[in-house]
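Here are my notes for you to read alongside the viewer. Take the points one at a time and find each spot as you go.

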Protein chains: 2
Amino acid sequence: MRVEQIKTPALLVDLDAMEANLRDMAAFFAPRKCKLRPHFKNHKVPMLAHKQIRAGAIGMTCATIREAEILVENGIASILIANEIAGEEKPERLAELARHAQVMVGVDNRSALCDLARAQRNRNAQIEILVDVNIGLNRCGVDSSEAALYLARYAVASGLAVRGLMGYDGHLQGMTPSPEKDKTVSVGSRMLVETAAQFEAAGIPASIVSTGGTGTYAISGDYPGITEIQAGSYLLMDDIYVARGASFQRSLTVLATVISTRGTEHAVLDCGVKAISGERGLPALKDVPGAKLTALHAEHALIEIDPESSPGLKPGQKVQVWVHYSDATVNLNSCMYGVRNGQLEEIFPIEH
Amino acid sequence: MRVEQIKTPALLVDLDAMEANLRDMAAFFAPRKCKLRPHFKNHKVPMLAHKQIRAGAIGMTCATIREAEILVENGIASILIANEIAGEEKPERLAELARHAQVMVGVDNRSALCDLARAQRNRNAQIEILVDVNIGLNRCGVDSSEAALYLARYAVASGLAVRGLMGYDGHLQGMTPSPEKDKTVSVGSRMLVETAAQFEAAGIPASIVSTGGTGTYAISGDYPGITEIQAGSYLLMDDIYVARGASFQRSLTVLATVISTRGTEHAVLDCGVKAISGERGLPALKDVPGAKLTALHAEHALIEIDPESSPGLKPGQKVQVWVHYSDATVNLNSCMYGVRNGQLEEIFPIEH
């Protein structure tokens, strides 16, 4: 089937680009002690998680208990929920999962620790935790080594299994590569590694020290004592990351149909914010010279055309739009169409 | 089941507010010649479409062929796709639908007309169209009565059944009520009605003249010659519309759990742009004095708290966030939880 025959709007993944990204990241980690535990939230495709593990990843990272359940259902044996969970229901689901696979979870507060300890008792399970440390993103995480150590001691006393630490430097992912970036990223890695040393000195296990993303893996992955990297975007790649100097290839586009034109300067596509995210700005057209996407409505993309430099667009014509923010765009779709040389090769169901 | 026991993030609909909106809109149209054909894209819930029809709506409006298929599968007998479709595949699906229900579609270009005529012949179906007129939104639609008449003649010659006209004034929905607004909205309605008269004079049927939304229904609904209004948002109501003086009640919130706090000034909820849209700005917290939602990440909402005026937030606590943009938020969820007096009463599956 030719790409143009896929019904629109459709999320396409360029298999050559995606496979090159998979290989390049695997080649980085192969000779290193530090390993990759890629983030599942960027693609939500169990088949891709298995490709990542076959390429050397030691397990998967995810953001929610639902994603952890999907991974366990699909036979992934080691999972990190790099996020906090709290309340009644989710700790119970986590404890249930912990009976079937290794599922670690981030913790940054005593209240959540109590929830986890209670669920663990209720289900007769062993929950494993990483203490989440704020290394500058100012989202989740405790603010100091002392607070981390206090929480770790409390976790041990509550019967939870402390495995180590995590910290996510989301605020540094988009920084352009520079010596300044190396230094700033290393500050976060050092805080994690030094806190891990304090854990060990206090007799608390810290065999896992997890951090990093697609914009920082090469720095933290070489920082002595960091044992795992959580990068996820590298596989499909956001247009945003590419613009900031990342070395991976963009693989994701949304295929759309031109449904309307007004004169020679305006066209409308059948893809809006229900098919492609505009949460981080407007996406760009792929290979449509002289044309620009200027607005996303719920079900429409508005295109402005410069008739001087463009061959124009016609109703019925197929156009591809680069995915700007893959995480939120994947979430809008039920499958990803794997394409190569203009042909549909494979369909990847996206799990929700 | 109490609301706080629903797993988070969850899309809640306040049944009292929603039912009041349903009644108020029905009361407006009951004594009038002009009728309501509510938009399905705002809720995507067949059960709610049936409630709207029981309350007097003459059928449903929708934005995509997929939505039309869902409506036909759920027994809705009269549907307007208030949008253009083009290419090969969608006209074929439309022709297939037209064998089972009345499904009208907007048309604004000859190329799409040819696609529809071909599909109609292939399936031995009768496709009904409304000529789409640009009444100022500058998205889809022909730009003049002459162009509309030309297209209508071409449609008749192609064997398509012309039923009338449509035009959507999306750019006026958010205008604050004023005599100026009445005048501006009436200009669009007049263009549609005058073009319909030209159709009739040329022997082309124009029994349907469709326009309007939640921000303009009361003006166009009273304009002589307008036969149908496409309003959809009124049922669930966006926070955006309410801020602009609409008379319906907000009914939608996302229930979330506090998963982390840092000091007394920061908290994090387990709902990000994968659960609530931020495409039109940041949503507001419901009934959380002294606290403000300041950012949406993929799976997190960041909250800033003023300790002086707030009782604070604790991990595990449940919080509701007003839905700012219901259309895109409904699209992120698999169901809507109908709540009344703090209790879960009904679950509405959302169709995708």
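How many bridges join strand E1 of chain A to E10(A)? Keep that in mind for point 2, and remember throughout that this is a predicted model.

1. Start with the overall look of chain A. The chain has 10 helices and 17 strands, and its C-alpha trace spans about 70 × 45 × 35 Å along the principal axes. With 352 residues, a compact globule would have a radius of gyration near 20 Å, so the 22 Å of chain A agrees with that. Buried residues make up 60% of the chain.

2. Now for the question above: four bridges join E1 (residues 10-14) to E10(A), and the two strands run antiparallel. To find the pairing on screen, look for Leu12(A), which stands opposite Thr253(A) in E10(A).

3. E10(A) has other partners too. Five bridges join E10(A) to strand E15 (residues 318-322), again antiparallel, and here Leu255(A) stands opposite Gln320(A). Is E10(A), residues 252-262, mostly covered or mostly uncovered? Mostly covered: 10 of its 11 residues are buried.

4. Next, follow E10(A) into its hairpin with E11(A). Three residues sit between the two strands, and Gly263(A) in the turn has a positive phi of about 60 degrees. Four bridges join E10(A) to E11 (residues 266-269), which run antiparallel; Thr261(A) stands opposite Ala267(A).

5. Have a look at Lys44(A), then, where phi is near 55 degrees, a positive value in a residue other than glycine. Lys44(A) lies in the loop between strand E2 (35-36) and helix H2 (46-54) of chain A. Its relative accessible area is 7%, so Lys44(A) counts as buried, the cut-off being under 20%.

6. Met237(B) is not a glycine, yet has a positive phi of about 65 degrees. You'll find Met237(B) in the loop between strand E9 (228-229) and helix H9 (239-243) of chain B. With a relative accessible area of 1%, Met237(B) is buried.

7. Last, the cis peptide bonds. One joins Thr8(A) and Pro9(A), with omega about -10 degrees, and Pro9(A) is in the segment before E1 of chain A. In chain B, the bond from Thr8(B) to Pro9(B) is cis, with omega near -5 degrees; Pro9(B) lies in the segment before strand E1 (10-14) of that chain.

Note on methods:
Residues numbered from 1 in each chain as written. Chains lettered and ligands numbered in written order. Predicted model: local features only at pLDDT ≥ 70, side-chain atom pairs only at ≥ 80, totals over all residues. Heavy atoms only, no water. Buried < 20%, exposed > 50% of the residue type's maximum accessible area, 1.4 Å probe, protein only. Pairing = 2+ DSSP bridges. Rg over C-alpha atoms; globule rule 2.2 N^0.38 Å.
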